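I am opening a notebook on a structure that is new to me. Each entry notes what I looked up.

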Amino acid sequence: MLLTRPLRWSASVLQLPMARFSTTLRQCSTKRNEETADGKPEDGGGKQGSLIVRTNLFESAAKKDKQTYIEMVKIFEKRSVHRRNHVEFIYAALRHMEEFGVNKDIAVYKALIDVMPKGKFIPTNIFQAEFMHYPRQQQCIIDLLEQMEDNGVMPDYEMEAMLVNVFGKKGHPVRKYWRMMYWMPKFKNLSPWLLPNPVPDDALELARLAVERMCSIDPRSKIQVFDTQEVESAIDHTWVVSGQSGEQSELLEAHDRQEPVYIEGPFVIWLRNRSINYYVLKSAPKPLPPIEETDDPDDVSNLHNPYVGLDLRFRKRPGSGSAVSTRRRSVHEQEDGIIYAICCTGSSTKDSLLSWIRLLEKESGNGALSSLAVLFKFTSPTSEVMVSGAETSTVQQ
């Protein structure tokens, strides 16, 4: 009896006419159509339109510099008290940073963090803290910090206070900040070749820094800057930054006159975010003299000390049967060849490299170059190889 009454009531409800419900539904749909017909945009269209207007601020800017960029951020902050669509605005601002030249300015990153509302995203319990409370907002600031890290911008303590005010001490962006503050100071000055920040825009100064870095393997290396106008037959009038040590000059003097030397390149060296091409003057590698095994390897009556015999003071007399070579191998003698000099030119052309060879022969005292054949071995695809002789230069196809 108790079960049949609810069933009867529900059946009676189902048998009611749908006129009342249909009228309400028609009124709702009519109201929506009337609003659309009046020309008022829907909620989704209004948000999309406002978002397009806010993100197009950077694209429509006539003057792209730091002051204009900061003004764009302030315009967005003043438009709405609630600062809706702030995540999309920050992502749009991050994309246009390089165009405005502010991708390495910490003040601009602070201004973007200041766009976020304060206090709303702070987790109130451990579950919100661990499961990333407001994930879109936290991931947005994490992406901002990663872009800072990619550009080599190290945060400061003021940024930590700003992140704590927005996400609290348990927020994931604050944890990302702490990891950056642990590792970035360790790697900031770790390189032994310190470079100015930013690196100079002048190509000549950039080439000087590159050659000094590569020649630091030999402290006796000498850096010289040549002008190709000193060569009478030079076509390209440009500068040449050359690096060579006295030991390399001695190796070039001892080179066999029957074997050619090569100019290989261009190779690329990066100085922070700038790159420059350089060329190497080298020859084919010289094989080491074969080791003559005169002693019986199974004889243990006269064992040799492996730590003795590499220095001239412990060199044994001829005929003693020593198989250890006492010749000191130079740092310029590599497995792929012997390096005699390196250079960077302003035009990176064959004529400027020929002028470099003439200037090495004339200014640096490398007289052996006058009797050596110089071949070009370019890494880029080319159909011709230029040979430089003593008096004339010919081209071999």
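Is Arg 257 buried, partly exposed or exposed? I find Arg 257 partly exposed, because its relative accessible area is 32%, where buried means under 20%, exposed over 50% and partly exposed in between (1.4 Å probe, protein chains only).

**Ground rules.** I am reading a predicted model, in which local features need pLDDT of at least 70, side-chain atom pairs count only at pLDDT 80 or more, and totals for chains, interfaces and linings use all residues. Residues are numbered from 1 along each chain as its sequence is written, and side-chain values use heavy atoms, with hydrogens and water left out.

**Confidence.** I looked up pLDDT, the predictor's confidence in each residue, from 0 to 100. The chain has a mean of 78, and 72% of its residues reach 70 or more. Residues 311–325 have pLDDT below 50, and that stretch makes twelve contacts in the model beyond near neighbours in sequence. Here contact means heavy atoms within 4.5 Å. Residues 381–397 are also below 50, with 32 contacts beyond near neighbours.

**Salt bridges.** I searched the whole structure and got 16 salt bridges. The term means a side-chain nitrogen of Lys or Arg within 4 Å of a carboxyl oxygen of Asp or Glu. Arg 257 pairs with Glu 253, and their closest N and O atoms are 3.5 Å apart. Glu 253 is partly exposed, at 46% relative accessible area.

Next I took Glu 264, which forms a salt bridge with Lys 377, with closest N and O atoms 3.5 Å apart. Glu 264 sits in strand S3 (residues 261–271) and Lys 377 in strand S7 (residues 374–378), so this pair ties together parts 113 residues apart in sequence. Helices (H or I, at least four residues) and strands (E, at least two) are DSSP runs, numbered from the N terminus. Glu 264 is buried at 16%, while Lys 377 is partly exposed at 40%. Shared partners join Glu 264, Lys 282, Asp 336 and Lys 377 into one network of salt bridges.

**Lys 110.** Which residue does Lys 110 bridge to? Its partner is Glu 158, with the closest N and O atoms 2.9 Å apart. This pair links helix H7 (residues 106–113) to helix H10 (residues 157–167), across 48 residues. Lys 110 counts as buried at 13% relative accessibility, and Glu 158 as partly exposed at 48%. Leaving aside neighbours within four places in sequence, Lys 110 touches Asp 156, Glu 158, Met 159 and Met 162. I also checked Asp 156: its C-alpha is 10.0 Å from that of Lys 110, and the two are 46 residues apart in sequence.

**His 96.** I found His 96 in the loop between helix H5 (86–95) and helix H6 (97–100). His 96 is buried, at 8%. Neighbours within four places aside, its contacts are Phe 58, Glu 59 and Tyr 69.

**Two helices.** How do H9 and H11 pack? Helix H9 (residues 135–150) and helix H11 (residues 172–188) pack at about 15 degrees, with axes 9 Å apart. Axes are lines fitted to C-alpha atoms, for helices over the stretch in contact, and angles run from 0 to 180 degrees between N-to-C directions. H9 and H11 are therefore roughly parallel, the term for angles under 35 degrees. The contact includes Ile 141, Ile 142 and Leu 145 of H9, and Tyr 177, Met 180 and Met 184 of H11.

Conventions: Angles under 35 degrees count as roughly parallel, over 145 as roughly antiparallel, 65 to 115 as roughly perpendicular and the rest as oblique.
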